[in-house]
Amino acid sequence: MIDTKTADRRELRYTSLDDLASDIEAIDASWQAGTLKTTGNWSAGQITEHVAILMECAVDGFPGKPAPWLVRKVIKMLFLKKALTGDPLPPGFKIPSQASFLTPGDNTTTEAGVAQLRTIVDRVRGGVRFTHPSPIFEKLTHEQWVMLQLGHASMHMSFIQPSET
């Protein structure tokens, strides 16, 4: 297992969904050329699938129940302001078992993960809005969700190293 807190990764901060969409295309082109690399514990397919799942849940709804009340209050107090800046989230967070729906499949291909992420980003860029409450941060506006999604995507996608073809 690679320590993702210290793993080499690219400097990355998306400022818009258009930035993310452009990076998806660069990753796809690098994968098609056979030059794509990753530096963490997940494959490029798993990373893109995971980022897509969180976006899909914010659009289509989260399965299961929200986190316990006290957990929501503490995490909101400690992390919400930072999460809404759009800055990359810190690496190394382990997905709790209650949120296992966010864990990507072991055999997710790059092609499938990229396609899933491209689809949800295109849906949102086309006018679909993030409307469902977060199981942690509760009710967020679409704009707040966008910032949270950009920070989340920036951190995870920084482990994917596309190279010029």
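## Packing of α2 against α5

Helix α2 (residues 44-60) packs against helix α5 (residues 142-157) at an angle of about 170°, and their axes are 10 Å apart. Axes are lines fitted to C-alpha atoms, for helices over the stretch in contact, and angles run from 0 to 180 degrees between N-to-C directions. Helices (H or I, at least four residues) and strands (E, at least two) are DSSP runs, numbered from the N terminus. The pair α2 and α5 is therefore roughly antiparallel, a term for angles over 145 degrees.

On the α2 side, I47, T48, H50, V51, L54, M55 and A58 meet W145, L148, Q149, H152, A153, H156 and M157 of α5; contact means heavy atoms within 4.5 Å. The residues of this contact divide into 9 nonpolar, 5 polar and no charged. Here Ala, Val, Leu, Ile, Met, Phe, Trp, Tyr, Cys and Pro count as nonpolar, Asp, Glu, Lys and Arg as charged, and the others, Gly among them, as polar.

## Basis of the description

The model is predicted: local features need pLDDT of at least 70, side-chain atom pairs count only at pLDDT 80 or more, and totals for chains, interfaces and linings use all residues. Residues are numbered from 1 along each chain as its sequence is written, and side-chain values use heavy atoms, with hydrogens and water left out.

## The nonpolar core

The largest nonpolar core has 42 residues, of which L20, M55, L117, F130, L148 and M157 touch the most other members. Such a core is a set of buried Ala, Val, Leu, Ile, Met, Phe, Trp, Tyr and Cys residues joined through side-chain atoms within 4.5 Å. At least two residues of this core come from each of α1 (17-33), α2, α3 (69-83), α4 (110-125) and α5. Helix α2 gives the most, with 10 residues.

Beyond its neighbours within four places in sequence, F130 is in contact with M55, A58, V59, V124, H142, W145, V146 and Q149.

V51 lies in helix α2 and counts as buried at 0% relative accessibility, where buried means under 20% relative accessible area (1.4 Å probe, protein chains only). Not counting residues up to four places away in sequence, V51 touches L117, H152, A153, H156 and M157. V51 and V114 are 63 residues apart along the chain, and their C-alpha atoms are separated by 9.9 Å.

T48 is also placed in helix α2, and its relative accessibility of 1% makes it buried. The T48 side chain reaches the backbone oxygen of G45 at 3.2 Å. With residues up to four places away in sequence not counted, T48 touches G113, V114, L117, M157 and I160.

## Residues in the loops

T108 is found in the loop between α3 and α4 and is buried, with a relative accessible area of 16%. Its side chain makes a polar contact with the side chain of E49 at 2.8 Å. A polar contact is a pair of N or O atoms within 3.5 Å; within protein, one must be able to donate a hydrogen and the other to accept it, and residues adjacent in sequence count only if both atoms are side-chain atoms. A polar atom of the T108 side chain also lies 3.2 Å from the backbone oxygen of G105.

T39 lies in the loop between β1 (37-38) and α2. The side chain of T39 reaches the backbone oxygen of D8 at 2.4 Å. In the loop between α4 and α5, E138 has a positive phi of about 65° although it is not a glycine.

Notes: Angles under 35 degrees count as roughly parallel, over 145 as roughly antiparallel, 65 to 115 as roughly perpendicular and the rest as oblique. Buried means under 20% relative accessible area, exposed over 50%, partly exposed in between (1.4 Å probe, protein chains only).
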